[in-house]
Amino acid sequence: ENLYAVVVGCKHVTLLPPWDRHVLYETTFPQGRFRETPGGSFEILPEEGSVPWVAVDPDVPDLGMFPRFAAARPLRVAVRAGEVLFLPSLWYHQVSQEGPLTVAVNYWYDMQFGPLYHYHQFLGRMWKAHGAEPGPSSG
């Protein structure tokens with residue numbers, strides 16, 4: 001669960017509910033971290049493990065590559081200075097900022113891993129078993 005507060009500027013948040021999981025093409029990507037090089041650029045340092053990732057851009061979806069996403073129902077909100085957004089656990093989200101400067105703080109707190117989490121995991125396994133996840137253009 002997350003509380004997201006904007007202090008200066010504006011953030012645009014696209015939210016997708018957990019029940020849209022089957023149309024999001026969630027997959028895993030190798031885990032890594034960025035390191036700044038002496039020349040000022042960044043390089044990726046691979047690490048063990050993987051992280052879940054949704055490759056489709058919910059704001060500009062490529063429906064040729066991700067046709068199931070057409071059934072998604074994203075919610076879009078603007079969070080302005082002085083406002084706080086509650087981001088429920090298991091909701092997918094994408095954040096962008098408006099203007100040259102935005103300052104925001106967030107507070108993550110542990111969700112209670114109760115029936116909702118287990119149901120979410122169960123649905124993911126069922127979709128995967130039936131070939132609906134992951135990957136683009138799989139129907």
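Here's a quick briefing on confidence and on two residues.

Keep in mind that this is a predicted model. Across the protein chain, pLDDT averages 87, and 89% of the residues score at least 70.

**Confidence along the chain**
- Strand β4 is where confidence is highest, at 96.
- At the other end of the scale sits helix α1 (residues 115-129), where confidence is lowest, with a mean of 73.

**Thr 102, a strand residue**
- You'll find Thr 102 in strand β6, which covers residues 92-108.
- Thr 102 counts as buried because its relative accessibility is 13%, and the cut-off for buried is under 20%.
- A polar atom of the Thr 102 side chain lies 3.3 Å from the backbone oxygen of Glu 98.
- The backbone oxygen of Cys 10 is 3.5 Å from a polar atom of that Thr 102 side chain.
- Setting aside neighbours within four places in sequence, Thr 102 is in contact with Val 6, Val 8, Gly 9, Cys 10, Lys 11 and Gln 97.

**Gly 82, a loop residue**
- Gly 82 belongs to the loop between β4 (75-80) and β5 (84-87).
- With 70% relative accessibility, Gly 82 counts as exposed, because exposed means over 50%.
- Once neighbours within four places in sequence are left out, Gly 82 is in contact with Val 6 and Val 7.
- Gly 82 and Val 7 are 75 residues apart along the chain, yet their C-alpha atoms are separated by 5.8 Å.

Definitions and conventions. Residues are numbered from 1 along each chain as its sequence is written. This is a predicted model: local features need pLDDT of at least 70, side-chain atom pairs count only at pLDDT 80 or more; totals for chains, interfaces and linings use all residues. Side-chain values use heavy atoms; hydrogens and water are left out. Helices (H or I, at least four residues) and strands (E, at least two) are DSSP runs, numbered from the N terminus. Buried means under 20% relative accessible area, exposed over 50%, partly exposed in between (1.4 Å probe, protein chains only). A polar contact is a pair of N or O atoms within 3.5 Å; within protein, one must be able to donate a hydrogen and the other to accept it, and residues adjacent in sequence count only if both atoms are side-chain atoms. Contact means heavy atoms within 4.5 Å. pLDDT is the predictor's confidence in each residue, from 0 to 100.
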